[in-house]
Amino acid sequence: MRTFRVLAITLVLALVAGGFAQEIVLRAADNQPPTYPTVLGLNHMAETLEALSGGRITMEVFPGGQLGDERSTIEQVQLGVIDVVRTSTSPVGEFYAPMGVYSLPFIFRSEEHFWRVVQGPIGFEMLEGLREADMVGLAYYDSGSRNFYTAETPIRSVADLEGLRIRTQQSQVVLDMMEALGADAVPLAFGEVYSSLQTGVIDGAENNYPSYGPSGVRHYEVAPYFTENAHARVPEIVMISATVFDVLSAEDQALVRQAALASVPVQAAAWAALVEESKAAVIEAGSEIITVDLGEFQDAMGPVYEKYEPIFGDLLQRILDTP
Ligand code: GCU
C-alpha cells in the first residue's frame, strides 16, 4: 500500500514536470461529525488549498470516523495510506512520546497559556518533531477543556470517582491520571463511547462541551451528569504523512502549510461559538451541571507528575515556565 501511494504521488509530479497540469488529491480523516468545528477547519483548509493551487491540489475530507478510529487513522497516516488526519494529541503521544505532555492534567493554567505554548516555540518544535513518527504536524486546533460526565453516579468530589469505570482516550498519560483519581480506566476508541455508556460497560467518560453536546457525538443523551472540573486542555492537531509530504514540491509543501494555518482561526471561531451553545443545549435537555472544588482534583494529580516529570523533563518545565 505504501509503495502504491508513493508511486502514485511520484507519477503525479512527473507529469507536472512534463508540463501537464495534473491534480493532486489528498484524503483527510476526522472522527467528529460533519458540522463539528474541526471538520469545518479541515473543509476550510481544503478550500484554501484548492484556491491557492489554482484547483491543482484538492483535499477530500472524510468526517465521522469513516476512515477508522483515531489510532488507526494515525497509523494509516504514518504509512501514507491516508494523507492528512485531524486528531486529539492524546493518542498521538503513543506514537511520538513528547506529544503526551499536552494530556497532563492541569498542565495549562488558562486558555491564554495554552495558546502561548502551542503557538510558540514549543508547539512548533513538537509539530516538526513528529517526523520521528513519519508525520509532519501542520497546525493545532482548539478543544477547550475536558470534564467528567457519568450515566448514573454524579461526580461531586474526587471520592465519587472511586471504582467507577471511566473511559479514557488511548493514551498512557490519561490512563495514569484516571488511576490517580481512583477510577478504573477503560481505554476505548471515541466511537465506542456512546454505546458503552448506554449499555453500562462504562460508568462515565470525559470530554469538552461540544463533543458531549448535540453538535458532537451526543453523549449527553446517555450520561446526564456533567462535572465541570476542567482537568485537561488537550489540543487537536492536523498532521500530514511525511511520506506524502516529502514527494510534494517545496512550493506545494508551503501551500499545504499555509492552508492548514489559515484554517486555525476558522476552527477557533466555530469552537468559541459552540462551547456556550452546547452547554445551554445540554442544560435544556436535562443534564445536571456540577461544579466542584478544583483544588481537590489538582491535589490528586501528584503521582502523575511524579511519574512524568523525569520523562518529559525539560519540556514540561518549559511549558510551566511559559508566561
Ligand atoms: C475530542 C476530540 C476527538 C477525540 C475525543 C476523545 O472530542 O475532538 O477527536 O476522539 O476527544 O475523547 O477521544
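Good morning, colleagues. Please keep in mind throughout that this is a predicted model.

Rolling a probe the size of a water molecule over the atoms shows where empty space is left. In this protein, the count comes to 4 cavities of 30 Å³ or more. The largest cavity has a volume of about 140 Å³. Its lining is made up of 16 residues, and those closest to the centre are Q32, S88, R146, Q169 and N207.

The residues around the second largest cavity are D69, E70, P91, R167, Q169, Q170, L188, A189 and F190. By class, that lining holds 4 nonpolar, 2 polar and 3 charged residues. Here too domain 1 and domain 2 both contribute lining residues, and the second largest cavity therefore lies between them.

I turn now to the ligand. Which residues surround the ligand? They are N31, Q32, E70, R86, R146, R167, Q169, F190, N207, S211 and E236. E70, R167, Q169 and F190, for their part, belong to the lining of the second largest cavity.

In R146, an N or O atom of the side chain is 2.7 Å from an oxygen atom of the ligand. R167 places a polar side-chain atom 2.7 Å from a ligand oxygen atom. For N207, the distance from a polar side-chain atom to an oxygen atom of the ligand is 3.1 Å. How much of the ligand does the protein bury? Taken alone the ligand exposes 320 Å², and the protein buries 99% of that.

Let us move on to the open pockets. The largest pocket contains about 300 Å³ of space. Of the 17 residues that line the largest pocket, G144, S145, Y209, R233 and V275 lie nearest its centre. Helix α9 (209–212), strand β9 (225–232) and helix α12 (264–284) each supply at least two residues of this lining. The largest share, 5 residues, comes from α12. By class, the lining of the largest pocket divides into 7 nonpolar, 4 polar and 6 charged residues. Why is the largest pocket placed between domain 1 and domain 2? Both domains give residues to its lining, so the pocket lies between them.

The second largest pocket holds about 220 Å³ of space. Of its 14 lining residues, F124, L127, L138, A139 and L261 lie nearest the centre. The elements that each supply at least two residues to the second largest pocket are α6 (121–129), β4 (135–141) and α11 (250–262). Its lining consists of 8 nonpolar, 4 polar and 2 charged residues.

Thank you for your attention.

Note on methods
Residues numbered from 1 in each chain as written. Predicted model: local features only at pLDDT ≥ 70, side-chain atom pairs only at ≥ 80, totals over all residues. Heavy atoms only, no water. 1 Å grid on protein atoms, 1.4 Å probe; cavity = no way out; pocket = protein on both sides within 12 Å on 5 of 7 lines; lining within 4 Å. Points joined across faces, edges and corners; volume = space filled by probe spheres on them. Nonpolar A, V, L, I, M, F, W, Y, C, P; charged D, E, K, R; others polar. Domains from an automatic or database assignment. Helix = DSSP H or I, 4+ residues; strand = E, 2+ residues; numbered from the N terminus. Near = heavy atom within 4 Å. Polar contact = N/O pair within 3.5 Å; in protein donor to acceptor, adjacent residues only side chain to side chain. Areas by Shrake-Rupley, 256 points an atom, 1.4 Å probe, with all protein chains shown as cover.
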